[in-house]
Amino acid sequence: MDKRGHGRHTGEMEASLATGPRSPATAKAGPPSGPEAPAPAALPAPELSVVVPAYNERENLVPLFAELRQALAAVGLSYEIVAVDDGSRDGTAEWLVREGRRDASVVPVLLAANRGQSAALAAGLRRARGAVIVTLDADLQNDPADLPRLLAALEGADVVSGVRQERQDDWRRRLSSRIANAVRRRVLGDTITDIGCSFKAYRREALDGVPLFVGAHRFLPALCLFRGARVTEVPLAHRPRRHGVSKYGVANRLGRGLYDLIGVRWLRSRMLDYREKPPAERD
């Protein structure tokens, strides 16, 4: 999941999220019909939501889901996989729909057209129902086996941001990423080492109300930090891309990211920061 078309809408995460996956029983039998059929009971929210944006990643989906399910089994939490297709043209959407019919824990979200990584991420976050939300690209460069490490670090934090170790990218991408991270930290004053690593974990409350906009996927941990969230980092494995091609180049990774800094710096200066006192502390 990399380069996208430009999105045209901005907004905030909604506290009330859409209905998630079906239960296995509902998926097989279907709800009763007729004018007196009872309304279906709301399904309990899972403990963990994994949001996976994908753009033309059809060849990566089978191995990705196999590795992801293995990692999810290891952590032992109830979960859903919210998989967002960002207007792919290679069969990604069709595969996700079939997988959602086969597995009730898979929630396909299909965008009508390619709207960019930030829009796809926002759509996935809006549908996610878990108390913990993990984000992960579909390109297989991050190893889902690192999921337990992310969740362990979240025990003492609100946001965990991955730091790619021994990056398996060409020198141009590594250089542009290094420059963009350094400039961002200098301009915004945040402490995030590797904002481009998509493998991150959030407590739900850290994301509630965070403004989302075109380019927000590059700054999400920093925006949480600016609102007082406890942010920590963990080193993660990084792998070469197996299938497909990267959609980012120096121009759209470095140039567009630096351009977005202007807006994010203004946003930080205007963000509300307040906390209510418990009743016992009020005058």
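1. L140 lies in the loop that runs between β5 and α5, where helices (H or I, at least four residues) and strands (E, at least two) are DSSP runs numbered from the N terminus. L140 is not a glycine, yet its phi is positive, at about 70°. Because its relative accessibility is 0%, L140 counts as buried; buried means under 20% relative accessible area, exposed over 50% and partly exposed in between, with a 1.4 Å probe and protein chains only.

2. The model is a predicted one, in which local features need pLDDT of at least 70 and side-chain atom pairs count only at pLDDT 80 or more, while totals for chains, interfaces and linings use all residues. Residues are numbered from 1 along each chain as its sequence is written, and side-chain values use heavy atoms, with hydrogens and water left out.

3. N56, in the loop between β2 and α2, has a positive phi of about 55° although it is not a glycine. Most residues other than glycine have a negative phi.

4. Helix α5 (residues 147-154) packs with helix α2 (residues 58-75) at an angle of about 40°, the axes being 9 Å apart. Axes are lines fitted to C-alpha atoms, for helices over the stretch in contact, and angles run from 0 to 180 degrees between N-to-C directions. The angle makes α2 oblique to α5, since angles under 35 degrees count as roughly parallel, over 145 as roughly antiparallel, 65 to 115 as roughly perpendicular and the rest as oblique.

5. In this contact (heavy atoms within 4.5 Å), α2 contributes A71, L72 and V75, and α5 contributes L147, P148 and L151. The residues involved divide into 6 nonpolar, no polar and no charged.

6. Within α5, the residues L147, L150, L151 and L154 are buried. They lie on the same side of α5 because they cover an arc of only 95° around the axis, the arc being that of the directions from the helix axis to the C-beta atoms. The buried residues of α5 pack against α2 and against the strands β2 (48-54), β5 (132-135), β6 (159-164), β7 (200-203) and β9 (231-236).

7. The largest nonpolar core has 31 residues, of which L125, L220 and L223 touch the most other members. Such a core is a set of buried Ala, Val, Leu, Ile, Met, Phe, Trp, Tyr and Cys residues joined through side-chain atoms within 4.5 Å. Among the elements giving two or more residues to this core are β3 (79-85), α4 (117-127) and α9 (250-270); α8 gives the most, with 5 residues. Another core, of 30 residues, lies apart from it and includes L68, W95, V134 and A201.

Terms used:
Ala, Val, Leu, Ile, Met, Phe, Trp, Tyr, Cys and Pro count as nonpolar, Asp, Glu, Lys and Arg as charged, and the others, Gly among them, as polar.
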